[in-house]
Amino acid sequence: MSQSLSAAADAAPLAPAEEAAETGLLAALAQLLQSRRQVLVLTGAGISTASGIPDYRDDSGVRRGRLPIQGSEFRQSEAARKRYWARSMLGWPRLAQAVPNAAHRALAQLQQAGHLGGILTQNVDGLHQQAGSRDVIELHGSIHAVRCLACDTVYPRAQIQLELARCNPSFVHLQAEALPDGDARLEPEADAAFHVPACVACGGMLQPDVVFFGDGVPPARTAQAEAEAQACDGMLVIGSSLMVLSGFRFPRTVAAAGKPVVAINRGVTRADDLLAFKLREDAEAVLPRLAALLGADGH
């Protein structure tokens, strides 16, 4: 690490968010991206909050609200499936209408300009791809697809939304508070009469093509992401507390190999003691400035 990078790293723990640029952290990050060819990006829910998608944790890393449904519960309990799909029917439209924000767009610009390598994301919203990013590994899958657990047929989530509405007309005009990943707040027992559609191909159980809490990332996807982490020469974490092991394992791998890990995150992360430095700001504020500093914004 260069002297200026080291100084920035030492200053980071003392620098409040509003003074981050003055301490040279943004310049240090720009220097890091200029000096390394394969900086791997890892993003979490914090990069998508400016697109209107709620995140899971506060700045202290504490989870908001009740625990999400577990994968085993979804597959074993009809009541759990009714609860999931009823809430998803109400919450998914807002997620489906979300568009990339300034952070997604700047990240795509930086990647296209050659300053970043691939992207690992814990998000299921597809906004990186919409913004034009390539080489995106969706660790937890995509909320925009639904898979039959019996015959493996994959359906667009929009198609399933139409079927949910057809089967449950009384839910069509209900309003509910949006929660992360297309979920919504629904009164207990309100879903008791909800009808859950089955696979039209075989009658099997439909599950969103995402990794539920309690389930593991598919081995092939994990291996691909691990290979990216081994091959990179640095990592930039954006908008993730890294409290979940499926995300934390990658900066841990990179740091263990002696390569720098930097974060853009307002609050604490599980990897704070592994970081070279951290910019305690919102991604949509930092990344456009970084793209401009590196001449990647086209201006």
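In what sense do strand S1 and strand S7 pair, parallel or antiparallel, and over how many bridges? The views below start with that pair. The model is predicted.

**View 1. Strands S1 and S7 run side by side.**
Strand S1 covers residues 39–43, and strand S7 covers residues 234–238. The two pair in the parallel sense, over five bridges. Look for Leu 42: its bridge partner in S7 is Val 237. Strands of a sheet pair through backbone hydrogen bonds, either parallel or antiparallel.

**View 2. Six strands form an open sheet.**
Trace the strands in the order S3-S2-S1-S7-S8-S9. Their pairing is parallel. Strand S3 (136–138) and strand S9 (277–279) are the edge strands. Each of these two pairs on one side only. On average, neighbouring strands of this sheet are turned by 20° against each other, direction ignored.

**View 3. Helices H8 and H10 lie across strands of the sheet.**
Helix H8 spans residues 219–231. It lies across S1, strand S2 (119–121) and S3. Its direction is at about 140° to S3. Helix H10 lies across S7, strand S8 (261–264) and S9. H10 runs at about 120° to S8.

**View 4. Helix H2 packs against helix H10.**
Helix H2 holds residues 25–35, and helix H10 holds residues 283–293. Their axes are 10 Å apart and meet at an angle of about 55°. H2 is therefore oblique to H10. The crossing is right-handed. From H2 come Leu 26, Ala 27, Leu 29, Ala 30 and Leu 33. They meet Val 286, Arg 289, Leu 290 and Leu 293 in H10. What kinds of residues make up the contact of H2 with H10: nonpolar, polar or charged? Eight are nonpolar, none is polar and one is charged.

**View 5. Strands S4 and S6 pair in the antiparallel sense.**
Strand S4 is made of residues 141–148. It pairs with S6 over four bridges. Cys 148 stands opposite Leu 206 in S6. Strand S6 takes in residues 206–210. Is S6 mostly covered or mostly open? S6 is mostly covered: four of its five residues are buried.

The protein chain has 10 helices and nine strands. Of its 299 residues, 50% count as buried.

Key: Residues are numbered from 1 along each chain as its sequence is written. This is a predicted model: local features need pLDDT of at least 70, side-chain atom pairs count only at pLDDT 80 or more; totals for chains, interfaces and linings use all residues. Side-chain values use heavy atoms; hydrogens and water are left out. Buried means under 20% relative accessible area, exposed over 50%, partly exposed in between (1.4 Å probe, protein chains only). Two strands pair if DSSP finds at least two bridges between them. Axes are lines fitted to C-alpha atoms, for helices over the stretch in contact, and angles run from 0 to 180 degrees between N-to-C directions. Angles under 35 degrees count as roughly parallel, over 145 as roughly antiparallel, 65 to 115 as roughly perpendicular and the rest as oblique. A crossing is left-handed if the near helix is turned anticlockwise from the far one by less than a right angle, and right-handed if clockwise. Contact means heavy atoms within 4.5 Å. Ala, Val, Leu, Ile, Met, Phe, Trp, Tyr, Cys and Pro count as nonpolar, Asp, Glu, Lys and Arg as charged, and the others, Gly among them, as polar.
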